[in-house]
Amino acid sequence: MPRKRPLILAFDTSRRHIAAALGDGDSLVAEHYEEMSRGQAERLADVLQGLLDRADARWTDLDAIACGAGPGNFTGIRISVAFARGVSLGLGRPAIGLTTFELIHDPSAAPEDRVEVVSVEAPQEAAYIQVVRSGLAEGPPRMVDPTAPPDDLRHPGLRVVGWRASELAAALGAEGVPLAPGALATEMPRRLLE
């Protein structure tokens, strides 16, 4: 019997993990999360094959591929993007890269006209931030000190979401919505499919 909803394989190796999910339309079919500081390149294909096996699906059943595109560890990002591109070219299926900012930002959680600063962990206790206005990224991401962010980030009704959000929000006089430790990692497979 033919599948009616699109089958999407999503994965991320931009941090010290492999996060992966297989979705069938709006349903999560299978997911996997594994902490690992090395070896993502060697393990990724087996993890993804395992997801397909659990769903009794084949690579040729996929309708699309999604992968995490950072920011994060350069080698980890390269692993995800190269694997997604190879599968996409090999199968003739579309591939899409999603940034961690896109995965953290939840457009349904804020009014459409709200300005939001989305924060992701960066090296040496810094933060990568992305300003989002009305659901769209405003300018490129940049690295800031969460305890002394630049004044140009101040906006009326500002909301700060993500890593060290409470500190950033306090410094900017804004509302802070921190992520629980590990929350993004464990939610990433589901968010990649949304």
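Trainee: Which residues of helix α4 are buried?
Mentor: In this predicted model, helix α4 spans residues 165-172, and its buried residues are Ala 165, Leu 168, Ala 169 and Leu 172.

Trainee: How are they placed around the axis of α4?
Mentor: They cover an arc of only 100° around the axis, which puts them on the same side of α4.

Trainee: Why would residues three or four places apart point the same way?
Mentor: Because an α-helix has 3.6 residues a turn.

Trainee: And what do the buried residues of α4 pack against?
Mentor: Five strands are listed by name: β6 (115-121), β7 (127-133), β9 (142-144), β10 (159-162) and β11 (175-178).

Trainee: What follows α4?
Mentor: Gly 173 does, and its phi is positive, near 65°.

Trainee: You mentioned β10. Which strand holds Arg 159?
Mentor: Arg 159 is in β10 itself.

Trainee: Buried or exposed, that Arg 159?
Mentor: Arg 159 has a relative accessible area of 9%, so it counts as buried.

Trainee: What does the side chain of Arg 159 contact?
Mentor: There is a polar contact of 2.5 Å between the side chains of Arg 159 and Glu 116.

Trainee: New topic. How many aromatic pairs does the structure hold?
Mentor: Two. One of them is Phe 11 with Phe 83, an edge-to-face pair with 5.8 Å centre to centre and 90° between the planes.

Trainee: Where do Phe 11 and Phe 83 lie?
Mentor: Phe 11 lies in strand β1 (residues 7-12) and Phe 83 in helix α2 (residues 74-91), so this pair ties together parts that are 72 residues apart in sequence.

Trainee: What about the rings of Trp 59 and Phe 83?
Mentor: Their centres are 6.2 Å apart and their planes are at 50°, so the pair is tilted.

Trainee: Where does Trp 59 lie?
Mentor: Trp 59 is in the loop between α1 (40-54) and β4 (64-68), and Phe 83 is in helix α2, so the pair ties together parts that are 24 residues apart in sequence. Trp 59 is partly exposed, with a relative accessible area of 21%.

Trainee: Which residues do the ring pairs link into a cluster?
Mentor: Phe 11, Trp 59 and Phe 83.

Terms used:
Residues numbered from 1 in each chain as written. Predicted model: local features only at pLDDT ≥ 70, side-chain atom pairs only at ≥ 80, totals over all residues. Heavy atoms only, no water. Buried < 20%, exposed > 50% of the residue type's maximum accessible area, 1.4 Å probe, protein only. Helix = DSSP H or I, 4+ residues; strand = E, 2+ residues; numbered from the N terminus. Arc of directions from axis to C-beta. Contact = heavy atoms within 4.5 Å. Phe/Tyr/Trp six-rings, centres within 6.5 Å; stacked < 30°, edge-to-face > 60°. Polar contact = N/O pair within 3.5 Å; in protein donor to acceptor, adjacent residues only side chain to side chain.
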